[in-house]
Amino acid sequence: MQQVKAVVAMSKGAPVEVATINVPDPGPGEAVVQVQSCGVCHTDLHYREGGINDEFPFLLGHEAAGVVEAVGEGVTDVAPGDFVILNWRAVCGECRACKRGDLQYCFATHNATQKMTLEDGTELSPALGIGAFAEKTLVAAGQCTKVDPEARPAAVGLLGCGVMAGIGAAINTGGATRGRSVAVIGCGGVGVAAVAGAALAGASPIIAIDIDAKKLEKATELGATHTIDSSSTDVVEAVKEICGGVYEGAEGADIVVEAVGRPETWKQAFYARDLAGTVVLVGVPTPDMKVPDLPLIDVFGRGGSLKSSWYGDCLPSRDFPMLVDLYRQGRLDLDAFVSEEIGIDDVEAAFEKMHHGGVLRSVVVL
């Protein structure tokens with residue numbers, strides 16, 4: 001066991017604290033990772049605010065990259081010294097999704113068996129089974145995905161959650177490809193990643209929708225061909241006009257990614273898609289939100305599909321190395337998502353910046 005510094009949410013809504021925690025030596029199937037970077041994701045704020053559950057204290061942070069320090073008995077896929085991105089989909093191989101070959105939907109993903117604790121022995125709940133706002137963390141070995149060690153940790157670590165969620169929502173869930181149009185509602189980190197994913201797949205047009213001019217500018221840098229300021233423009237009519245000008249007869253976009261997680265924007269997405277199109281919900285709603293009233297005849301008559309995207313429907317062992325390779329080739333600008341690099345003491349300030357919309361990602365560098 002060793003002691004390290006980490007960011008902990010002690011109670012609901014309270015500012016986070018930097019505390020000393022105990023990290024056990026890895027047991028069977030586990031690994032200790034020396035964390036090099038960890039993005040400040042909105043999900044961490046949800047944990048702090050009690051929006052996930054009330055299993056405080058939480059060890060926050062989950063969007064991370066680092067180097068494996070030690071592994072436990074039976075671990076063969078990674079070894080000490082490997083550069084890895086941490087993931088929260090360590091597939092079990094035994095659940096009904098895995099057995100039918102849909103590993104990206106694994107319903108029983110692995111986490112470390114042992115618990116990290118505060119100095120007094122109080123057990124910590126690691127965010128998404130990772131807890132990487134820490135100098136070192138204990139995870140299931142399957143949560144470590146080995147990638148090119150020459151990659152910049154602060155950039156590729158973001159594939160651990162938000163960037164992968166967005167890229168995957170466009171490509172894996174939505175099926176973006178050449179000859180298809182994509183609209184993205186909400187251009188925070190996940191939404192802009194969906195824009196980048198659509199561009200990577202060759203989709204066109206790619207329409208970015210938000211109320212923030214700076215976010216729309218960033219979306220344009222990462223591949224959007226058109227932008228819509230939804231604070232002053234009818235989103236549905238604007239999407240129809242853009243797509244109809246490219247594909248004769250189009251009544252909307254082939255794929256609409258909703259990256260906000262609100263009933264109002266989901267309804268916009270529903271009506272902004274073309275006939276037989278796809279709506280992808282990747283924005284995370286709160287438990288009290290309801291699907292807006294929709295005439296059932298519209299659901300039937302418009303055809304297509306309404307999907308949710310979990311983690312961009314990714315399979316880390318397949319997708320992370322591929323996307324890191326594209327980044328290394330200059331075809332996927334992951335550096336553009338890193339708005340600032342901060343220290344472990346600056347996480348609370350990064351949460352505050354989220355409310356003002358000035359950053360895609362603050363990244364803790366250790």
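Modeller: Strand S1 (residues 2–9) and S2 run antiparallel and are joined by seven bridges; strands here are DSSP runs (E) of at least two residues, helices are DSSP runs (H or I) of at least four, and both are numbered from the N terminus. Two strands count as paired if DSSP finds at least two bridges between them. Within this pairing, lysine 5 has threonine 20 in S2 as its bridge partner. The model is predicted, so local features need pLDDT of at least 70 and side-chain atom pairs count only at pLDDT 80 or more, while totals for chains, interfaces and linings use all residues. Residues are numbered from 1 along each chain as its sequence is written, and side-chain values use heavy atoms, with hydrogens and water left out.

S1 is also joined to strand S4 (residues 58–59), again antiparallel, by two bridges. There, valine 8 has leucine 59 in S4 as its bridge partner. Strand S2 (residues 17–23) in turn pairs with S7 in the antiparallel sense over two bridges, and asparagine 22 stands opposite threonine 117 in S7.

Taken together, the open sheet has five strands in the order S7-S2-S1-S4-S8, with mixed pairing. Its edge strands, each pairing on one side only, are strand S7 (117–118) and strand S8 (125–126).

As for side chains, phenylalanine 58 is buried, with a relative accessible area of 1%, whereas phenylalanine 56 is partly exposed at 22%; buried means under 20% relative accessible area, exposed over 50%, and partly exposed in between (1.4 Å probe, protein chains only).
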